[in-house]
Amino acid sequence: MMKNSAARDEYGENLAAASILVIDDEPGMRNFLTKILMPRCKRVEQAASAIEASAILDQAHFDLIILDNIMPGKTGLEWVQEQRRVGLFADTILVTAYADLETAIQALRLGVADFVLKPFRANQILNSVARALDRKYLRRENYLLKHELSAEGTAARGRLLGKSAAICQAREMLTRLAPLPTPVLFTGASGTGKEIAARTLHSLSERAAMPFVAVNCAAIAPDRIAHELFGLVDEQDRRKDGLFLHADGGTLFLDEVAQMPDQVQAALLRVLEDQRIRPVGAEREIPLNLRFLFATNADLQQAVAAGRFRADLYHRINVVEIAMPPLRERVEDIVELAALFMEQFSTRLGMPALELNEETLLKFSRYDWPGNVRELRNLIERSVILGEIPEEFSGTGAITGTAAIETLDLVTQRHIMHVLDACEGNRAEAARRLGVSRKTVDRKCASWGF
């Protein structure tokens with residue numbers, strides 16, 4: 001067992017997780033390659049001919065194909081060219097005994113990942129496979145990094161913070177759902193942390209080491225979204241992998257799903273039902289292993305009633321709904337979030353943190369925050385950059401740091417004043433909601449000078 005693990009480590013983790021199809025008309029060569037690869041790979045299958053290989057690819061997806069060039073009926077390169085028209089979404093290593101210049105040029109044009117000349121040793125083919133897989137996953141990482149940077153996805157990183165009942169309930173639901181493949185629909189106003197909740201769910205799941213790909217459906221032009229999601233085989237048989245395939249094995253998060261065009265809604269419904277995609281322009285479908293998460297700040301039921309969103313798709317994605325609460329309903333979290341954002345932006349920007357005194361924190365707690373957590377985050381970032389808190393939130397209080405955040409009397413003051421604001425100053429109603437007497441509210445307000 002230790003020897004097998006060492007062999008896997010020698011050629012990298014990508015080899016250990018790979019699925020490989022070996023195509024060769026010679027049984028001895030097929031068995032030799034399978035014997036080398038099987039102990040080190042996740043899955044290895046064989047095909048004795050181009051026809052058999054095509055049938056296998058119609059049913060299963062492989063990370064890599066090892067292909068003999070000289071076979072009865074057609075060459076390996078002819079088969080690759082034919083398969084590119086149908087939809088070939090695996091990298092290819094060509095095994096050949098004849099390395100002439102014309103073959104090499106044709107292979108490069110067809111995008112073959114590597115040549116291996118016969119005869120070869122076991123370590124030669126293993127090194128070639130490892131290099132091809134490393135390049136494949138490096139391309140995927142670069143593509144996803146560019147996608148995330150273009151979508152400004154870094155702003156939605158971090159943990160789902162807070163101790164309010166609403167956030168604790170959401171966090172508990174995420175923990176329960178994490179080991180399941182069930183689709184989840186996150187609802188709530190813009191800025192309530194739907195993507196952070198989705199990332200939290202992914203990080204708690206068995207897919208945590210695989211990609212988390214967030215797609216804002218409203219940010220992609222309607223005529224491009226199918227290409228971006230499903231991939232493309234163009235008129236020159238060139239292939240472009242879409243976000244579905246790049247996210248394979250991980251989690252795909254579709255935000256603003258209500259903005260998805262009708263045609264793409266129909267295609268997405270098929271993907272959810274079959275767990276297979278067909279890239280635009282391709283004939284072959286590709287099986288997927290994906291967890292789907294969705295989010296919207298729109299009323300999807302109303303969109304269905306108005307004919308803007310498919311009813312069958314709505315029922316398919318709304319298996320479990322997690323409603324993210326607005327910041328005004330989790331007032332006890334505002335202070336913790338403000339302090340955290342202050343520390344984060346001070347460190348990230350290399351600028352001094354600003355003191356948050358008790359008067360400023362009280363104003364934070366009494367503000368309605370229509371932009372929710374995103375508005376608070378942006379305000380703190382702007383304050384650090386400018387070196388001062390905006391006038392409408394600034395205060396002259398003397399208590400700062402942990403004392404301003406945790407002192408019981410200040411925590412009580414922020415909570416009571418928030419409830420009073422929600423009751424439009426009606427102290428009797430505030431007392432009823434707080435579960436205390438009217439005299440208690442009057443006494444507290446008097447001690448605070450209100």
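Let's start at Phe120, which counts as buried at 11% relative accessibility, where buried means under 20% relative accessible area, exposed over 50% and partly exposed in between, with a 1.4 Å probe and protein chains only. A word on the ground rules: this is a predicted model, so local features need pLDDT of at least 70 and side-chain atom pairs count only at pLDDT 80 or more, while totals for chains, interfaces and linings use all residues. Residues are numbered from 1 along each chain as its sequence is written, and side-chain values use heavy atoms, with hydrogens and water left out.

Back to the rings, then. Rings of Phe, Tyr and Trp (its six-membered ring) pair if their centres lie within 6.5 Å; planes under 30 degrees apart are stacked, over 60 edge-to-face, and the rest tilted. That rule gives 10 aromatic pairs. One of them is Phe32 with Phe120, a tilted pair at 6.1 Å centre to centre with 40° between the planes. This pair links distant parts of the chain, 88 residues apart: Phe32 sits in helix α3 (residues 27-37), and Phe120 in the loop between β5 (114-117) and α7 (122-150). Helices here are DSSP runs of H or I with at least four residues, strands are runs of E with at least two, and both are numbered from the N terminus. Phe32 itself is partly exposed, with a relative accessible area of 35%.

Compare that with Tyr367 and Phe393, whose ring centres are 5.2 Å apart with planes at 85°, so this pair is edge-to-face. Tyr367 lies in the loop between α16 (358-366) and α17 (372-386), and Phe393 in the loop between α17 and α18 (401-406), so the pair ties together parts 26 residues apart in sequence. Tyr367 is partly exposed at 28% relative accessibility, whereas Phe393 is buried at 5%. And do look at Phe230, Phe244, Phe292 and Phe294, which ring pairs link into a cluster.

Phe294 takes us to the strands. It lies in β13 (residues 291-296), opposite Leu254. Strand β10 (residues 251-255) has five of its five residues buried, so the rest of the structure largely encloses it. Thr251, Phe253 and Asp255 point one way from β10, Leu252 and Leu254 the other, and all are buried. On pairing, two strands count as partners if DSSP finds at least two bridges between them. β10 runs parallel to β13, joined by four bridges, and parallel to β7 (residues 212-216), joined by five.

What about β14 (residues 320-323)? Here Val320 and Ile322 make up a covered face, and Glu321 and Ala323 an uncovered one. In a regular strand, side chains alternate between the two faces of the sheet. Strand β6 (residues 184-187) pairs with β14 in the parallel sense over four bridges, with Leu185 partnering Glu321.

Let's finish with charges. A salt bridge is a side-chain nitrogen of Lys or Arg within 4 Å of a carboxyl oxygen of Asp or Glu, and the count comes to 19. In one of them Asp24 meets Lys118 at 4.0 Å, N to O. Asp24 is in the loop between β1 and α3 and Lys118 in the loop between β5 and α7, so the pair ties together parts 94 residues apart in sequence. Is Asp24 buried or exposed? At 2% relative accessibility, Asp24 is buried, while Lys118 is partly exposed at 23%.

Another salt bridge joins Asp58 and Arg284 at 2.9 Å, N to O. Those two are 226 residues apart, with Asp58 in the loop between α4 and β3 and Arg284 in the loop between β11 (276-277) and β12 (286-287). Asp58 is partly exposed at 36% relative accessibility, and Arg284 is buried at 6%. Thanks, everyone!
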